[in-house]
Amino acid sequence: MVYDGENFYNQKPYFVKPVDTLGAGDSFFTAFILHYLKGKKESDIQAELIKRSLEKGAEFAAKTCLVDGAFGHGLSY
């Protein structure tokens, strides 16, 4: 959920069969903010930019859930 000072925007998750959810939140925010900041430079319409950025975040977070996280899959020393 995002609030821009006037409106709330919601994004439903992309449903996948997760392997590991570690990093999904970080992935969501990273994809969202990168897409949003790039769009701001291009003078995009605010509401549409937020909606597209939320969608990009949800899409990337879903992909992250399909990858093994660090627990049990890190480097052995």
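**Core, surface and a glycine**

Tutor: In this predicted model, the largest nonpolar core has seven residues: Val2, Tyr9, Phe32, Tyr36, Leu49, Ile50 and Leu54. Helix 1 (24–41) and helix 2 each supply at least two residues of this core, and helix 2 gives the most, with three.

Student: What makes a set of residues a nonpolar core?
Tutor: The residues must be buried and of nonpolar kinds such as Val, Leu, Ile, Phe or Tyr, and they must be joined through side-chain atoms within 4.5 Å. In soluble globular proteins, nonpolar side chains tend to be buried together.

Student: Which residues does Phe32 touch, not counting those up to four places away in sequence?
Tutor: Phe32 touches Val2, Ile50, Ser53, Leu54 and Gly57.

Student: Why is Gly69 called buried?
Tutor: Buried means under 20% relative accessible area. Gly69 has 13%, so the label buried applies.

Student: Where is Gly69, and what is it in contact with beyond four places in sequence?
Tutor: Gly69 lies in the segment after helix 2 (46–64), and its contacts there are Asp20 and Leu22. Gly69 and Asp20 are 49 residues apart in sequence, with 5.9 Å from C-alpha to C-alpha.

Note on methods: Residues are numbered from 1 along each chain as its sequence is written. This is a predicted model: local features need pLDDT of at least 70, side-chain atom pairs count only at pLDDT 80 or more; totals for chains, interfaces and linings use all residues. Side-chain values use heavy atoms; hydrogens and water are left out. Buried means under 20% relative accessible area, exposed over 50%, partly exposed in between (1.4 Å probe, protein chains only). Contact means heavy atoms within 4.5 Å.
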